[in-house]
Amino acid sequence: MVVLVVTVLALLCTAINGRPDGQLGFRLPGMSEAGGWINDMPGTDHGSSFSRNGTFGIAGKQRMYLMEDAWVHDWFGAKYHIFNLLGKTVSYTVDLSQMPCGVAACLYFVANRKPGPGSNYCDIQPDYGGCFEIDLMEANSVAYEASLHTELGTRTAFDGTCNMNGCAVNIGRYPFTKSGVHTGKLYGPGADVINTKRPFQVEASVSKDGYMTVILLQGAQRLPFYNRTSADNSPGLSPGSAMHHAWYPEPGGIHKGEADKVVKAMQDGVRLVASVWTASDTSWLDGTGCDGQPHGNILDSKFSISDLRIFDTVPVAANAPEHAQDVSTTRPAKKNDKPAKNKTKPGLLPPGTPTNGTKMPGGWECFTKAQLDEAALKAGEKAKRSAEISMQRKLLEQHADLASLAGRHLELQRQYYNLQQQVGGTEGSIARQLLSGLGFLSLVALLGGVVAALRRNRSQQTACSCPAVSVSAREISSNDTYRNPEVDEGPEVILLQPERLQTTV
């Protein structure tokens, strides 16, 4: 009997952990003095959680829940703090500087299920019940993802529903955004916008019609992250395709049917969970961010959240001016930038920021939907310019290819002309040889005629007993013509004699 009692007490102490870590150090408005966190991580390789002075967090592998009473004796008497986030904003400051590659720090809400005998934990994974899950943060120092899982549905299918694969937005999985911005410049250690070496703020709002919006902020920087149009349920890109941002698919957004499921889940109530976990493959989260870096050790990981507040989303002022500073425009971080003091509110800028927004109590400024639409328009124009530059680059590459083909064409023409000249030269040589042969034959015929004429002349002189006539070659110039007046037949013969010779006819 004693052994049985000791065993039951040991199981209860294991199931409800956290008292040594000061879990009473955190409460939200409306919670009792006993409110706080309770741990529940299966296995024995887990780490610990802490909650002190309004800050809570996890060191190592752990999972913790926000409870109405952190000092209950068993799960049957436990009661989760239940939320309805419709029309609400969740704001907090997070420090992820000690979260390495391959390890994920998470803050999320899941469907409400009454505890007992254990925590009755559930999430979208089939092994854990496949229930509603809305992830404000699955992140480490090099990557950040927000996602929505309305129900298990078609599980791993990519059909546009927010199923097990979810409707997600990620920074760190791929090297670029859809508009061509390098993700390492937007988020990560030393990044220009969200430098994870320092704490930054997260604002997550759920509209009354069930659409989530997530914005990351740090100092004067503002990074719009998740909304109803940027979320997507589509298969991942291959490593080759990921290097060409123009090939990234257009996000499908959140369908109204999925938003209606969010409304239903919020009306039923959701519970808040924080956890740290790891897996052998986390490329879905930090594939590019962790490129070349070793997988981190979860036992050395640690993250903390402070200044967690949940409040009604501030409505947009109807009389705000039409033009104000584009709060979504970012500038490179400067060395003298100081971290914000965790005073950020949704849709607002810290006091002292030079804008033309409507003044609100406490020195804050509120912006209209038209102003935010203007910021989105500028972002769209920037994306358009990036696409035009990409198209110009492709056109230049095509022109270079055409120039190369033209050069090749000219080279082929030159070779063709050379071949024609070689063929023409051969034909000309043959023609010259034929003409030379014909000329030789004509000369032979001419000489034959001369000889025949001389013979006739001699025979005629012999018959007439004509005296011989001696003609000196010197008496005949090169321009004189010797003609026998008695010979009327045959061609006229012109003999040009050499100077040293005498010719006797």
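Buried means under 20% relative accessible area, exposed means over 50%, and partly exposed lies in between (1.4 Å probe, protein chains only). The legends below concern a predicted model, in which local features need pLDDT of at least 70, side-chain atom pairs count only at pLDDT 80 or more, and totals for chains, interfaces and linings use all residues. Residues are numbered from 1 along each chain as its sequence is written, and side-chain values use heavy atoms, with hydrogens and water left out.

**View 1. Loop position of Ala 246.** Ala 246 is partly exposed, at a relative accessible area of 43%. Its place is in the loop between α3 (239–242) and α4 (256–268); helices (H or I, at least four residues) and strands (E, at least two) are DSSP runs, numbered from the N terminus. Between Ala 246 and Thr 177 the C-alpha to C-alpha distance is 9.5 Å, with 69 residues separating them in sequence.

**View 2. The whole chain.** Six helices and 22 strands make up the secondary structure of the chain. Of its 505 residues, 37% count as buried. Among contacts (heavy atoms within 4.5 Å) with a separation of 6 or more, 67% are between residues 24 or more positions apart. The chain exposes about 28,400 Å², and 58% of this comes from carbon and sulfur atoms; accessible areas come from the Shrake-Rupley method with a 1.4 Å probe, and for residues only the protein chains shown count as cover.

**View 3. An open sheet of seven strands.** The strand order is β2-β3-β17-β6-β13-β14-β15, and the pairing is antiparallel; two strands pair if DSSP finds at least two bridges between them. β2 (48–52) and β15 (221–226) each have a single partner strand, so one side of each of these edge strands is left without a neighbour in the sheet. Neighbouring strands are turned by 20° against each other on average, direction ignored; the axes are lines fitted to C-alpha atoms, for helices over the stretch in contact, and angles run from 0 to 180 degrees between N-to-C directions.

**View 4. Strand β17 and its partners.** Five bridges join β3 (residues 55–59) to β17 (residues 302–312) in the antiparallel sense. In this pairing, Ile 58 stands opposite Phe 303 of β17. β17 also pairs with β6 (residues 88–98), again antiparallel, over eight bridges. Here Asp 95 faces Ser 304 of β17.

**View 5. Strands β13, β14 and β15.** β13 (residues 200–206) and β14 (residues 212–218) are antiparallel and share six bridges, with Glu 203 opposite Ile 215 in β14. β14 and β15 also run antiparallel, joined by five bridges. The bridge partner of Leu 217 is Arg 222 in β15. Two residues lie between β14 and β15 in their hairpin, and Gly 219 in the turn has a positive phi of about 60°. Of the six residues of β15, five are buried.

View 6. The structure holds 13 aromatic pairs; rings of Phe, Tyr and Trp (its six-membered ring) pair if their centres lie within 6.5 Å, and planes under 30 degrees apart count as stacked, over 60 as edge-to-face and the rest as tilted. Tyr 144 and Phe 225 form an edge-to-face pair, with 5.3 Å from centre to centre and 85° between the planes. Tyr 144 belongs to β9 (residues 144–149) and Phe 225 to β15, so this pair ties together parts that are 81 residues apart in sequence. Tyr 144 is buried at 0% relative accessibility, and Phe 225 is buried at 8%. One aromatic cluster consists of Tyr 65, Trp 75, Tyr 80, Tyr 121 and Tyr 128.

**View 7. Arginines over tyrosine rings.** Arg 63 lies over the face of Tyr 121, 3.8 Å from the ring centre; a charge sits over a ring if NZ of Lys or CZ of Arg is within 6 Å of the ring centre and within 35 degrees of the ring normal. The charged end of Arg 228 is placed over the ring of Tyr 211, at 3.7 Å from its centre.

**View 8. Backbone details in loops.** The peptide bond from Gly 116 to Pro 117 is cis, with omega near 0°. Pro 117 is in the loop between β7 (103–111) and β8 (133–139). Asn 53, in the loop between β2 and β3, has a positive phi near 50° and is exposed at 80% relative accessibility. Arg 155 also has a positive phi, of about 55°, although it is not a glycine. Arg 155 lies in the loop between β9 and β10 (167–171) and is partly exposed at 43% relative accessibility.
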